[in-house]
Number of protein chains: 4
Amino acid sequence: MTFSFPYSIGLHDSDAAGVVFFASLIRICHQAYEAFMESVGFGLGKIIQERRFGLPVAHVEGDFKQVMRVGDKVEIRLRVAHLGRSSFRVEYEVMLNNTVAATAATVHVCVNPETYASMELPPELRTKLKSKN
Amino acid sequence: MTFSFPYSIGLHDSDAAGVVFFASLIRICHQAYEAFMESVGFGLGKIIQERRFGLPVAHVEGDFKQVMRVGDKVEIRLRVAHLGRSSFRVEYEVMLNNTVAATAATVHVCVNPETYASMELPPELRTKLKSKN
Amino acid sequence: MTFSFPYSIGLHDSDAAGVVFFASLIRICHQAYEAFMESVGFGLGKIIQERRFGLPVAHVEGDFKQVMRVGDKVEIRLRVAHLGRSSFRVEYEVMLNNTVAATAATVHVCVNPETYASMELPPELRTKLKSKN
Amino acid sequence: MTFSFPYSIGLHDSDAAGVVFFASLIRICHQAYEAFMESVGFGLGKIIQERRFGLPVAHVEGDFKQVMRVGDKVEIRLRVAHLGRSSFRVEYEVMLNNTVAATAATVHVCVNPETYASMELPPELRTKLKSKN
């Protein structure tokens, strides 16, 4: 995997069953995606402010194999698994104690930020994403 | 209290200690505020889209007296406790089984949505808020 | 679809792109699932407190077709789409203005709440879920 | 201030007004508290699992002075501002570009994790907290 994001499971990630709430884990993967995008010069804050394009999530999937608890130190490994003309797929592995505790994927579509009509990925972003898959 | 908002405590509101996470309760009070604002014709979605003014939270406080658990049916009672020229204070009581399980307050400041400079509350909003305090 | 859950999109569900954050939508579907489970006599709070079994999410997927904004009134329609020996799949449609704005699914596995070993669904829960698929 | 916690504002922390959602900022301060507690040997995961005592938040307050946006790098500085027999107060400063963008405080009460009756802070925790105020 191309990019690594360390994370410490917090109380706000957990629920009354005593473990990580599944939707929190999806959000944590997205935090890894945000760190990745920033690392290639396309931080989401900048993308939102420039309003040249948007990259909403069109699809998400996740598989949860192992329980995670408050205080667990995990590592999210991600890579760009598919790069299309106007979309790309990011895949995640959540590692706990050298085991894959969960996997996830998000598909991001490049859109006009006003109309949400699909558009081609900007070439400079494509180049960056290509180098990471 | 002027406005009542029913809420069922959800799994995502809880944490691994088995009870409601305190910041979730603050968010639940804000959901009551949103329902209240919509009831007086100033839904936050509309305010954000019209961009005539913003009402960010400048201050929050909360006191948590009783434990709440997943599935608990609570009622949030709110009122406009103070109405200034460019700000107002909303107070909340979270009722569980006819007891005040928590109290909270938010202070909202009316600002220019671009510059965040303070501005006077629009008269039509002031009138609505006045009728509720 | 078997069960209907009304929801008003809140500020805390949205993000700086101006629309619903995708992971919030997954959480909203889970809120619909919680209301459904309670309606068949298996509220999650009760399940967690009794500690006879747990129903963690083992898989999630979601497809986001249309933008949703703060104040939008949506309806989540859900049904039990598959009922196995020790798991079941719930499918969701998020309706906005009579259009399917998003779909999602969660797979829940019945486990021993201490060991997280898979176990058969309790017969009385199975009967309830069967009547809803 | 005694303890410093760096944080990068994420998309999930923001709302449709384009800035950080106030309840997210409270949660971020709590993440700093969790990191602090872990640094003194009392990580919340451990406290929850050992069930010797609990430290629920009995009071929270926050003042938001400056807007924060997605991608902003903030630093949360915290200190133990008051140390009582069975409670303690933690104060937070959220720094953005060398300015105090927000302040917050939480009061934690030491309780029996079953009954939620107040109890004295364990001496070894008191010693750790004392060294940090």
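## Where chains A and C meet

In this predicted model, 20 residues of chain A are in contact with 20 residues of chain C. Contact here means that C-beta atoms, placed from the backbone, lie within 7 Å. On the chain A side, the elements that give two or more residues are α1 (22–39) and β2 (57–64). Helices (H or I, at least four residues) and strands (E, at least two) are DSSP runs, numbered from the N terminus. β2(A) supplies the largest share of this side, 8 residues.

The chain A side divides into 13 nonpolar, 4 polar and 3 charged residues. Ala, Val, Leu, Ile, Met, Phe, Trp, Tyr, Cys and Pro count as nonpolar; Asp, Glu, Lys and Arg as charged; the others, Gly among them, as polar.

## Strands across A and C

β2(A) runs antiparallel to strand β2 (residues 57–64) of chain C, joined by 5 bridges. One bridge links A:G62 with C:V60. Strands pair if DSSP finds at least two bridges between them.

## The sheet of chains B and D

An open sheet of 10 strands, paired antiparallel, has the order β1(B)-β3(B)-β4(B)-β5(B)-β2(B)-β2(D)-β5(D)-β4(D)-β3(D)-β1(D). Its edge strands are β1 (3–8) of chain B and β1 (3–8) of chain D, each pairing on one side only.

## Reading the model

Residues are numbered from 1 along each chain as its sequence is written, and chains are lettered from A and ligands numbered from 1 in the order written. As the model is predicted, local features need pLDDT of at least 70 and side-chain atom pairs count only at pLDDT 80 or more, while totals for chains, interfaces and linings use all residues.

Terms used. Contact = placed C-beta atoms within 7 Å.
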